[in-house]
Amino acid sequence: MVRTVIRRRKRSLREQDVTVTDPPKVRRAVTAAALGNTMEWFDFGVYAYLAGTLGKVFFPSSSPGAQVVSTFATFAAAFLVRPLGGLVFGPLGDRVGRQKVLALTMIMMAASTFAVGFLPTYAAVGFAAPLLLLVCRLVQGFSTGGEYAGATTYIAEYAPDKRRGFLGSWLDFGTFVGYSLGSGLVTVLTAVLGTDGMTDWGWRIPFFVAGPMGIIGLYMRLKLEETPAFRREEEAQAQARTENDAVEEARQSGKGRLKEIFTRHWQAVLICMGLVLLYNVTNYMITSYLPTYMSQTLGEPETTSQLLVLGTMLLVVLTITTVGRSSDRWGRRPVFMAGSVALIVLASPAFLLIRQGGILLPALGCAVLGLLLVCFAGTAASTLPALFPTRLRYGALSIAFNISVSLFGGTTPLFASGLVEATGNEMVPAYYLMVAGVIGLVAAFFLHETAGRPLRGSGPMVETPEQARQLVARSRTTAGRQARDVWLRVRHLWRGPER
């Protein structure tokens, strides 16, 4: 009897506890989620490469240095509302579903980016022009507050446990493809139209491209189904409501979820913020600030600096899925820790190479920064969602991610350009990266390894029915051994030591 009770307490997996993924659905999920990131970062690439041009169009009365700072201040303003977007879209995604919220954020991102192409210039309407640009950026920032966390959650909840790193890396593959498309388009337009042509009217063209991209992305997201993990959680919540469980209903409310995030999962929130800081400071330093740093601060030709950063992004695109696959094999924690140490050691040498001028040495410095960035980019999408349980995943990740991005990531170009302007020290960006590396190393040290394991609050996910049967069989064997060991210990205590 005792042994039966013990065996029941050590219940093994059942076949219905294991989710067998559908490969076509997984591919659609990854593609649709990545396309939204492509759209988001197309805008970032355009804005970063047009920073000098937009400064002339919307802030013409300022000095060149102040124009750049003003443009990046408008860029950073979008990040100030991202936590608000995260507070709205994250918990909403946990309550009504990931797919619905991702479709809504796609509409808002595409519309606001498209609208920038129609804005009047400062010469036409005066101070209203930068205000309208600010409004568009705020809408972009608000919608983006629910985008990355939702997309990572969606892919993580569809991916098999043993391939989550590889499949998650495609999300940030979309990120850098979008950035490369946006920055590449600006580079081509600058070469064809020249600086004057871009200032007059050419700057509008990249923003017009966002419209068709948004329509395609919206169509794909509307075709998606909810994730298996969310559907199971929704069924559990419906059962609790049917049983009139007042305590459970309080937990499911918006206030209940927020309270639980910051009281029961505050350590995961801090780890998430540290890893996001590491990733996004490196990311925005390279993608948003480096083109302007090389052209405005170092005096390199705009086309040269744009091509160097574009080449860096292509290097990231070519290597990111390899890093994601490696994290499935070696673990997320070792990749983050190795990347953090490398950032601390190599940030200064990389910027020293970039400052040498010419093509070869700056290209080498940019390549070093790109390989550092890919350590975090290829691992983030599979690491961050695994920090939180299913019922809170979208909301907790949205809040932690966007607070960190707003305070540290999106403000990186503004702080870096302001510090360089104030101190005259061209190595400030390297020191900034080194500090980010130290913070990221601390966060990675406290990170629990999740590679190959089920998400918190979810059952195992495998690729084939055969894998499911093997997993159930191993679980039964393990449960039986655990029950036997406990029974032997109980019997030993009951009978006393043999003499």
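## Basis

Residues are numbered from 1 along each chain as its sequence is written, and side-chain values use heavy atoms, with hydrogens and water left out. Because the model is predicted, local features need pLDDT of at least 70 and side-chain atom pairs count only at pLDDT 80 or more, whereas totals for chains, interfaces and linings use all residues.

## Overall make-up

The protein holds 22 helices and two strands, taken as DSSP runs (helices H or I, at least four residues; strands E, at least two) and numbered from the N terminus. Of its 499 residues, 56% count as buried (under 20% relative accessible area, 1.4 Å probe, protein chains only).

## Helices α9 and α10

The axes of α9 (residues 147-158) and α10 (residues 164-202) come within 9 Å and cross at roughly 150°, with axes fitted to C-alpha atoms over the stretch in contact and angles running from 0 to 180 degrees between N-to-C directions. The two helices are therefore roughly antiparallel (over 145 degrees).

In this packing, Tyr148, Ala151, Thr152, Ile155 and Ala156 of α9 meet Arg164, Leu167, Gly168, Leu171 and Asp172 of α10, where contact means heavy atoms within 4.5 Å. These residues divide into six nonpolar, two polar and two charged.

## Helices α15 and α20

Helix α15 (residues 266-297) packs against α20 (residues 412-423) at an angle of about 40°, with the axes 8 Å apart.

Conventions. Angles under 35 degrees count as roughly parallel, over 145 as roughly antiparallel, 65 to 115 as roughly perpendicular and the rest as oblique. Ala, Val, Leu, Ile, Met, Phe, Trp, Tyr, Cys and Pro count as nonpolar, Asp, Glu, Lys and Arg as charged, and the others, Gly among them, as polar. Buried means under 20% relative accessible area, exposed over 50%, partly exposed in between (1.4 Å probe, protein chains only).
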